[in-house]
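Student: I have a model open and would like to know what stands behind the words used for it. Could we go through them together?

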Amino acid sequence: MKVGDLVIMPGSAHGHYEPYGSSIGVIVKVPRATDSSKRVGVYWMDGEGHVDWEPVDWLEVINETRP
């Protein structure tokens with residue numbers, strides 16, 4: 001995952017984006033190469049207005065950014 005990718009959290013209870021049934025977020029922060037964290041900063045489009053650090057394993061990329 002990289003900055004700019006659109007993601008969802010399959011099975012999440014909030015938001016209603018069809019056909020996914022989840023809120024859409026955009027990756028805005030990734031850990032440094034020296035950081036062993038398995039989380040990325042996601043700005044969710046559900047209106048809360050903040051970045052959440054989510055486990056990569058919980059996310060699904062629905063639209064990758066291009067270089």
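Predicted model: local features only at pLDDT ≥ 70, side-chain atom pairs only at ≥ 80, totals over all residues.

Student: What makes strand 3 and strand 4 count as paired?

Tutor: Five bridges join strand 3 (residues 39-44) to strand 4. Two strands pair if DSSP finds at least two bridges between them, so five bridges are enough for this antiparallel pair. Residues are numbered from 1 along each chain as its sequence is written, and side-chain values use heavy atoms, with hydrogens and water left out.

Student: What is counted as a strand here, and how many does the chain have?

Tutor: Strands are DSSP runs of E with at least two residues, and helices are runs of H or I with at least four, numbered from the N terminus. By that rule the chain has five strands and zero helices.

Student: How do strands 1, 2 and 3 connect by pairing?

Tutor: Strand 1 and strand 2 (residues 24-29) are antiparallel over three bridges, with Leu6 opposite Val26. Strand 2 and strand 3 are antiparallel over four bridges, and there Val26 stands opposite Tyr43.

Student: Which strands are called edge strands, and why?

Tutor: The open sheet has the order 4-3-2-1-5 with antiparallel pairing. Strand 4 (51-55) and strand 5 (60-63) are its edges, as each pairs on one side only. From one strand to the next the twist averages 50 degrees; the axes are lines fitted to C-alpha atoms, and angles run from 0 to 180 degrees between N-to-C directions.

Student: Why is the pair Asp5 and Lys2 called a salt bridge?

Tutor: The term asks for a side-chain nitrogen of Lys or Arg within 4 Å of a carboxyl oxygen of Asp or Glu. The closest N and O atoms of Asp5 and Lys2 are 3.8 Å apart, so the pair qualifies. A search of the whole structure finds one salt bridge.

Student: What makes Val7, Met9, Ile27, Val40, Val42, Trp44 and Leu59 a nonpolar core?

Tutor: A nonpolar core is a set of buried Ala, Val, Leu, Ile, Met, Phe, Trp, Tyr and Cys residues joined through side-chain atoms within 4.5 Å. These seven residues make up the largest such core, and strand 3 gives the most to this core, with three residues. In soluble globular proteins, nonpolar side chains tend to be buried together. Leaving aside neighbours within four places in sequence, Val42 has contacts that include Val7, Ile27 and Leu59.

Student: How much of the chain counts as buried?

Tutor: Of its 67 residues, 27% count as buried.

How values were computed: Buried < 20%, exposed > 50% of the residue type's maximum accessible area, 1.4 Å probe, protein only. Contact = heavy atoms within 4.5 Å.
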